[in-house]
Amino acid sequence: MASLREQQKQMTRRLLLESGLNLFQEKGYAATTVDDIATAAGTTRVTFYAYFPSRSALMQALIDEQLNERLQRVRSPKHGSTAQDLVATVAAGTREAIDAWIRRTAKSWPEIKPIVRLGREAAVIEPDLTNLVERWMEEAVGDVEDGLTQAGRFAPHQRHFRGVLALAQLDFVAQHWGDTDWKIDREQMLDELVNSWTSLLT
């Protein structure tokens, strides 16, 4: 019985998260209320607050859980979250490994793009969400730094900044691909991104 109850609680929580994400995309973060989210999830305001103390807490959970889940990031005491496959890819340092990782990650861009955009939109409105996405990006930078450290490449003072440059490229391309005419097709874009990462990290 306890197991069934826990499953129901998890289902309700997931419904609230999915409803919040859908409404934030449709109406915008600022125009979406707690009541809107609760109604869309088929529940009440009281139930919403049993799971999340605020709308911003739900947005935080979308970043902490949904985004990490889509990118296969797990909890890390060192960085907040980590993707061991990114650490391993950077440590391996081959163009083939980088190419495979970037192509796997690119498949998730349609799912992660709206969450990242909403996180940045929410951070403008909610003081407790300031730099929400950037803090999450810093965790990914830490993975690149860890991979470079494992491989012993570059001086210690260079590793973090090279991670910053690599993730800045990836984030910009992921957020703007399809919205801008860069005069290249998707395959060419991925090849250029792989070339850039290979040059930067190896």
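## Overall fold

The protein chain has 10 helices and 2 strands. This is a predicted model. Along the sequence the elements follow the order α-α-α-α-β-β-α-α-α-α-α-α.

The C-alpha trace of the protein chain spans about 55 × 40 × 30 Å along its principal axes. Of the 202 residues in the protein chain, 44% are buried. Among contacts in the protein chain with a separation of 6 or more, 68% are made by residues 24 or more positions apart.

## Packing of H4 and H8

Helix H4 covers residues 55–70 and helix H8 covers residues 132–151. The two pack at an angle of about 30°, and their axes are 11 Å apart. H4 is therefore roughly parallel to H8, since angles under 35 degrees count as roughly parallel. The crossing of H4 past H8 is right-handed.

On the H4 side, the residues that meet H8 are Met59, Gln60, Ile63, Leu67 and Asn68. Their counterparts in H8 are Leu132, Val133, Arg135 and Trp136. Sorted by class, the contact of H4 with H8 has 6 nonpolar, 2 polar and 1 charged residues.

## Aromatic pairs

Rings of Phe, Tyr and Trp pair if their centres lie within 6.5 Å. By this rule the count comes to 6 aromatic pairs. In Trp101 and Trp197, the ring centres are 5.4 Å apart and the planes are at 20°, so the pair is stacked. Trp101 lies in helix H6 (residues 95–107), whereas Trp197 lies in helix H10 (residues 186–201). The pair therefore ties together parts that are 96 residues apart in sequence.

Both partners fall under the 20% relative accessible area that marks a buried residue. Trp101 has a relative accessible area of 8%, so Trp101 is buried. For Trp197 the value is 0%, and Trp197 is buried as well.

A tilted pair is formed by Trp177 and Trp182, because their ring centres are 5.9 Å apart and their planes are at 45°. Trp182 has a relative accessible area of 27% and is partly exposed.

## Aromatic cluster

Phe48, Tyr49 and Phe52 form a cluster, linked by ring pairs.

Terms used:
Residues numbered from 1 in each chain as written. Predicted model: local features only at pLDDT ≥ 70, side-chain atom pairs only at ≥ 80, totals over all residues. Heavy atoms only, no water. Axes fitted to C-alpha atoms, helices over the stretch in contact; angles between N-to-C directions. Helix = DSSP H or I, 4+ residues; strand = E, 2+ residues; numbered from the N terminus. Parallel < 35°, antiparallel > 145°, perpendicular 65-115°, else oblique. Left-handed = near helix turned anticlockwise from the far one by under 90°. Contact = heavy atoms within 4.5 Å. Nonpolar A, V, L, I, M, F, W, Y, C, P; charged D, E, K, R; others polar. Phe/Tyr/Trp six-rings, centres within 6.5 Å; stacked < 30°, edge-to-face > 60°. Buried < 20%, exposed > 50% of the residue type's maximum accessible area, 1.4 Å probe, protein only.
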